[in-house]
Amino acid sequence: MAGGITDTGELYSPYVGLVYMFNLIVGTGALTMPKAFATAGWLVSLVLLMFLGFMSYMTTTFVVEAMAAANAQLRWKRMEKRKEDDEDEDSSSGVSDSDVLLQDGYERAETRPILSVQRRGSANIFEITERVEMGQMASMFFNKVGVNLFYFCIIIYLYGDLAIYAAAVPVSLMQVTCSVTGNHSCSVGDSTKYNDTDKCWGPIRRIDAYRLYLAAFTLLLGPFTFFNVQKTKYLQIMTSLMRWIAFILMIILALIRISRGQAEGHPSMAQLSGIRNLFGVCVYSFMCQHSLPSLITPISKKKHVNKLVLLDYILILAFYSLLSFTAIYCFRNDTLMDMYTLNFTNCEIVSVAFIRYFLGLFPVFTISTNFPIIAVTLRNNWKTLFHREGGTYPWLVDRIVFPAITLIPPVLVAFCTHDLESLVGITGAYAGNGIQYLIPAFLAYCSRKDTQLVFGSGTVNKHLSPFRHSFWIVFVLIWGFSCFIFVTANIVLSESKL
């Protein structure tokens, strides 16, 4: 999910970075993957998961390369500024270099290869020491239209994130607390299919309970959107610990049930109708590109960072496969919940009440801590998008309008639907597609052009992606645009059948 990893300047080892990346990628979105696996078929799901993991790794290396190029340009421009200041001081004695006769320093910075910079420190010019966020890289390498499209994509993705969060917490609370039998802890994961109009408590329907929980969630966490919040290290540790306890518990419980011969799942090999949601879920579950600057910059030794990232992706792929395969063989397709943790709130599957409640309410705790962070991030992106150099916002716009346009749309979406699989699928397939594929590919292409223009064609970025041939950039762009067309056509055809 979106959000910073560490405070600026706090360094850690490559292996700690590996753990941080694992925790960043394997978030709450993974809980929607088992149902998507069951809907699309295990063979199709496995092949698509592996392919999308490979594509995400490729674009991750593109972002790392662009970060190195951005660091090089920032470092070089500071060197140029210092050199110009030195030349100004020496101008009274008539001392000037023959290669600095251009009047416009900015024009020189954009057109002339600076060989002196390469001689002074070519080994370190591309070292990633400053955190350059994706928005700043977009401003450095894209034109005005590209920058606006970047912020549009980021904003849509964060809106999707908030809508998923706003729906997931009330869904979990509704499923755990509502029951027509009066034994709420045993009714969630059984074979009974509930409708939104079914009774929850007395005259209160399930959909009414969901909306009451949504209102409470909005009233409790919504006000944080109007202030600045910061994720603390201890909150990270607590939520990460809870997440891993929950994931490991679910895998172990499913394996125990399968080993005892109580497995009910008979997944099909392929169901093409489920690919649309599976695609969105897989894209969403490999998302980390927007947080790479916060993650990669503090790593103390970055020499083998691409190999480290590759190892992380292999481990994440294995983990997703283990979680999804144990789920689809343990439970029947029609009983798998949008939020996989809810399958373990049935007392026939888990006899210990504490574990049932812990897994059922797990998304509530972890998502509630992330919601204010994502909301403030989205609010700040809105401010950046409309910001003009030297301008300030009126108090009403700054403190009321921007937080309101951040909070209201996702809450309205969550009010209208709590179909988490579709929310994750659409967010991943559209905005996630742009952030994970298109933006990194354009960043790699534009940063390579700028690097050659500024430093000369012979300069080699020490963090150049292993996929350095331009074919890979074209391949990613074609794949990304094809995905837009495929998902849109699939949605249109599905709606027309209805």
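Modeller: Let's begin with Phe22, which lies in helix H1, the stretch of residues 14–25. Keep in mind that this is a predicted model. Phe22 has a relative accessible area of 12%; because buried means under 20%, Phe22 counts as buried. Its contacts, leaving aside residues up to four places away in sequence, are Trp244, Asp312, Leu315, Ile316 and Phe319. One of these, Ile316, sits 294 residues from Phe22 along the chain, yet the C-alpha atoms of the two are separated by 6.9 Å.

From a single side chain, we can turn to a pair of helices. Helix H2 (residues 33–40) packs with helix H10 (residues 275–285) at an angle of about 145°, and their axes are 9 Å apart. The crossing of H2 and H10 is left-handed. On the H2 side, the contact is made by Met33, Ala36, Phe37 and Ala40. H10 brings Ile275, Leu278, Val281, Cys282 and Ser285 to that contact. Sorted by class, the residues where H2 meets H10 are 8 nonpolar and 1 polar, with no charged residues.

The model has 1 disulfide, and Cys178 and Cys200 form it, with their sulfur atoms 1.9 Å apart. That separation falls within the 2.5 Å cut-off, so the pair counts as a disulfide. In general terms, a disulfide is a covalent bond between the sulfur atoms of two cysteines. The link of Cys178 and Cys200 is left-handed, with -85° about the S-S bond. This pair joins distant parts of the chain, 22 residues apart: Cys178 is in the loop between helix H7 (144–177) and strand E1 (199–201), while Cys200 is in strand E1 itself.

Are the two partners buried or exposed? Cys178 has 1% relative accessibility and so counts as buried. Cys200 is buried too, with a relative accessible area of 6%. Two further cysteines are worth a glance while you are there. Cys153 has a relative accessible area of 13%, and is therefore buried. Cys288, at 0% relative accessibility, also counts as buried.

Terms used:
Residues are numbered from 1 along each chain as its sequence is written. This is a predicted model: local features need pLDDT of at least 70, side-chain atom pairs count only at pLDDT 80 or more; totals for chains, interfaces and linings use all residues. Side-chain values use heavy atoms; hydrogens and water are left out. Helices (H or I, at least four residues) and strands (E, at least two) are DSSP runs, numbered from the N terminus. Buried means under 20% relative accessible area, exposed over 50%, partly exposed in between (1.4 Å probe, protein chains only). Contact means heavy atoms within 4.5 Å. Axes are lines fitted to C-alpha atoms, for helices over the stretch in contact, and angles run from 0 to 180 degrees between N-to-C directions. A crossing is left-handed if the near helix is turned anticlockwise from the far one by less than a right angle, and right-handed if clockwise. Ala, Val, Leu, Ile, Met, Phe, Trp, Tyr, Cys and Pro count as nonpolar, Asp, Glu, Lys and Arg as charged, and the others, Gly among them, as polar.
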